[in-house]
Amino acid sequence: MEIHAKQVRLDAKNRADRARMLISCPDGPGIVAAVSHFLHQHGANIVQSDQYTMDPAGGMFFMRIEFDLPQLEASLPKLEDDFAEVATRFNMEWTLSAVSRKKKLAIFVSKEDHCLVELLWQWQAGDLDADIALVVSNHLDMKDYVESFGIPYHHIPVTADTKKEAEQRQLDIIGDDIDVIILARYMQIISPMFIEHYRNRIINIHHSFLPAFVGGKPYAQAYNRGVKIIGATAHYVTEELDGGPIIEQDVQRVSHGDDVTELKRIGRTIERVVLARAVKWHVEDRILVHENKTVVF
């Protein structure tokens, strides 16, 4: 079940008073009532609420709530402390975040620029409600373009012999201040050590509607097989290569008349749109991960 509400840009006052809560827990009676009652007791007004139950008998329950609370910044610490009792009662995993605190992104890129450019365009237009803190690349191709936006660009070459050291440099540059890493066609495999630092916070775009053609030259493989649709998949990165929880996918029909060059052109369009959607949903706290799946509200 996926519900994607129409987004309305908030003015400064509403942003300052608005917060989001994500909840996952074993399903059972009274969860919605307890959360709603708690927020009412603390003077909050719920403006949006979405929920999903995997299986009413013994399954998992997922919930996303947006609410307004006057003087939110001052009230947030007490709200978090007080909600701990509710969370313990229902064995919840939960997060609470202020909308005014924009998530900080680090974008990794190699030579292909289409996904990076789409994210920069959306960020510049105000459609991506986040801060792009830096771009990391193993090539220099995009340096001038990225820096024209006033965004720091870090060139860290990677070879088979230097991969461990390169990843440590990347972690040092990112620090503890980055909320999510986007692999915008970054053509390097991420190590388990790196993944562990950012569990369910690394988003990758894959050039296929997974599972699909593996290995090199995927569009040539697709062409040789005479496929009739091509697509792209955005997913969280896990230790299983291209096997992490899927956030978003899309496809487009193609025909026998489309050669490899045309398939690549169509594929690039799908990739950048799918990745941008996934990043947008992540920064808007719309995604809950359970095992190897996602619930996207």
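Where is Gln122 found? Gln122 sits in helix α4 (residues 114–125), and helices here are DSSP runs of H or I with at least four residues, while strands are runs of E with at least two, both numbered from the N terminus. Please keep in mind that this is a predicted model, in which local features need pLDDT of at least 70 and side-chain atom pairs count only at pLDDT 80 or more, while totals for chains, interfaces and linings use all residues. Residues are numbered from 1 along each chain as its sequence is written, and side-chain values use heavy atoms, with hydrogens and water left out.

**Confidence**

- The protein has an average pLDDT of 91, and 92% of the residues score at least 70; pLDDT is the predictor's confidence in each residue, from 0 to 100.
- Over residues 1–8 the pLDDT stays under 50, and the model has 16 contacts for them beyond four places in sequence (contact means heavy atoms within 4.5 Å).
- A friendly caution: where pLDDT is low, the predicted coordinates should not be read in detail.

- An open sheet is formed by 7 strands in the order β7-β6-β5-β8-β9-β10-β11, with mixed pairing; two strands pair if DSSP finds at least two bridges between them.
- At the edges lie β7 (153–155) and β11 (246–253), each of which pairs on one side only.
- On average, neighbouring strands of this sheet are turned by 20° against each other, direction ignored.
- Within the sheet, β8 (residues 180–183) and β9 (residues 202–206) pair in the parallel sense over 3 bridges, and Ile181 has Ile202 in β9 as its bridge partner.
- Helix α4 packs on the sheet and touches β5 (103–109), β6 (130–137), β8 and β9, its direction making about 155° with that of β6. Such axes are lines fitted to C-alpha atoms, for helices over the stretch in contact, and angles run from 0 to 180 degrees between N-to-C directions.
- Back to Gln122 in α4: this residue is buried, with a relative accessible area of 18%. Buried means under 20% relative accessible area, exposed over 50%, and partly exposed in between, using a 1.4 Å probe and protein chains only.
- Leaving aside residues up to four places away in sequence, Gln122 touches Asp127, Leu128 and Ala276.

**Helix α8**

- In helix α8 (residues 218–225), the buried residues are Pro218, Tyr219 and Ala222.
- Viewed down the axis of α8, these buried residues fall within an arc of 95°, so they line one face of the helix; the arc is that of the directions from the helix axis to the C-beta atoms.
- An α-helix has 3.6 residues a turn, so residues three or four places apart point the same way.
- Among the elements covering the buried residues of α8 are β10 (229–236) and α9 (260–283).

- Strands β12 (residues 287–290) and β13 (residues 293–296) pair in the antiparallel sense over 4 bridges, and His290 has Lys293 in β13 as its bridge partner.
- The two strands β12 and β13 form a hairpin with 2 residues between them.
- Most residues other than glycine have a negative phi.
- Glu291, in the loop between β12 and β13, has a positive phi of about 55° although it is not a glycine; Glu291 is exposed, with a relative accessible area of 70%.
- Asp285, in the loop between α9 and β12, is another residue other than glycine with a positive phi, near 55°, and Asp285 is buried, with a relative accessible area of 9%.
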